[in-house]
Amino acid sequence: MEESNFEGTDINHGSITHDDFKQPEIRSLSCSSSEAEELEREDEADLKRLLMPDVGDLPLVPPSAVDSNFVPYFAPGIVLDPNLLVLSVECLCVIGLAPTHLVFKDEGGVKAVDFNVGKSDRSGMKVTGKRKKNAQHFESNTALCKVCTKDDTSYIVRCCVKGSLLEVNDRLIKQPSLLNSVADREGYIAIIMPKPADWLKTKPMLLGIDEYKKLRELS
């Protein structure tokens, strides 16, 4: 069988030669050594600024884990107890007491926290699994617990947001003093998971930190 020779063959009134099959010339872009050194110095300077920030640029007091990971909202209302603190992150709401809540104005502060309100003891609810099995769905005005002060005054703390109750802080039963000292951290009351649609409805009714400070005349 004779080898076919494509050179000089007429296809579509044109000719194909070996030159047509040559690879296109690739030109590389390069920079001078001085430019490369300058770029390397800039990269090192950027890395140094990232790893070793200027002390003058750092805050006097580092932000707490709460400040870094949560967004505070406040629920002052007629139906809801005033000054309830809601910290929301990734559609989870941590319910606690704001620093200006009436419970802290009573002589001696908190002496007891009782989760046995309504028809069930909230501290006995156990949620399991990724699907949050056994989680009870509460309305925004559903009672979470009763907080009692040393002068025998009691306050009902409510959910503030419609959603599923994931857990209550049962440490408060034995250590109610956590509310007096770290109400926005270890002294939280409960964690609630609202549906995204319910959270979007509730959020406009809450106050941000600046609005809350202005309302309570805080600096």
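Visitor: Is glutamate 186 buried, partly exposed or exposed?
Guide: Glutamate 186 counts as partly exposed, because its relative accessibility is 38%. Keep in mind that this is a predicted model.

Visitor: Okay, and which residue does glutamate 186 form a salt bridge with?
Guide: That would be arginine 185, with the closest N and O atoms 4.0 Å apart.

Visitor: How exposed are arginine 185 and aspartate 184?
Guide: Arginine 185 is partly exposed at 41% relative accessibility, and aspartate 184 is partly exposed too, with a relative accessible area of 35%.

Visitor: How many salt bridges does the count come to?
Guide: Four. One of the salt bridges pairs arginine 41 with glutamate 38, and the closest N and O atoms there are 2.7 Å apart.

Visitor: Where do arginine 41 and glutamate 38 lie?
Guide: Both are in helix H1, three residues apart, which is about one turn of the helix. Arginine 41 is partly exposed at 46%, and glutamate 38 is partly exposed at 35%.

Visitor: Switching topic: which residues form the negative surface patch?
Guide: Glu37, Glu40, Glu42, Asp43 and Glu44.

Visitor: Where does glutamate 40 lie?
Guide: Glutamate 40 is in helix H1, which covers residues 33-51.

Visitor: And why does glutamate 40 count as partly exposed?
Guide: Because its relative accessibility is 48%, and partly exposed runs between the under 20% of buried and the over 50% of exposed.

Conventions
Residues are numbered from 1 along each chain as its sequence is written. This is a predicted model: local features need pLDDT of at least 70, side-chain atom pairs count only at pLDDT 80 or more; totals for chains, interfaces and linings use all residues. Side-chain values use heavy atoms; hydrogens and water are left out. Patches are made of residues with over 30% relative accessible area and no salt bridge: like charges are joined within 9 Å, nonpolar side chains (Val, Leu, Ile, Met, Phe, Trp, Tyr) within 5 Å. Accessible areas come from the Shrake-Rupley method with a 1.4 Å probe; for residues, only the protein chains shown count as cover. A salt bridge is a side-chain nitrogen of Lys or Arg within 4 Å of a carboxyl oxygen of Asp or Glu. Lys and Arg count as positive and Asp and Glu as negative; His and the chain ends are not counted. The place of a charge is taken as NZ of Lys, CZ of Arg, CG of Asp or CD of Glu. Helices (H or I, at least four residues) and strands (E, at least two) are DSSP runs, numbered from the N terminus. Buried means under 20% relative accessible area, exposed over 50%, partly exposed in between (1.4 Å probe, protein chains only).
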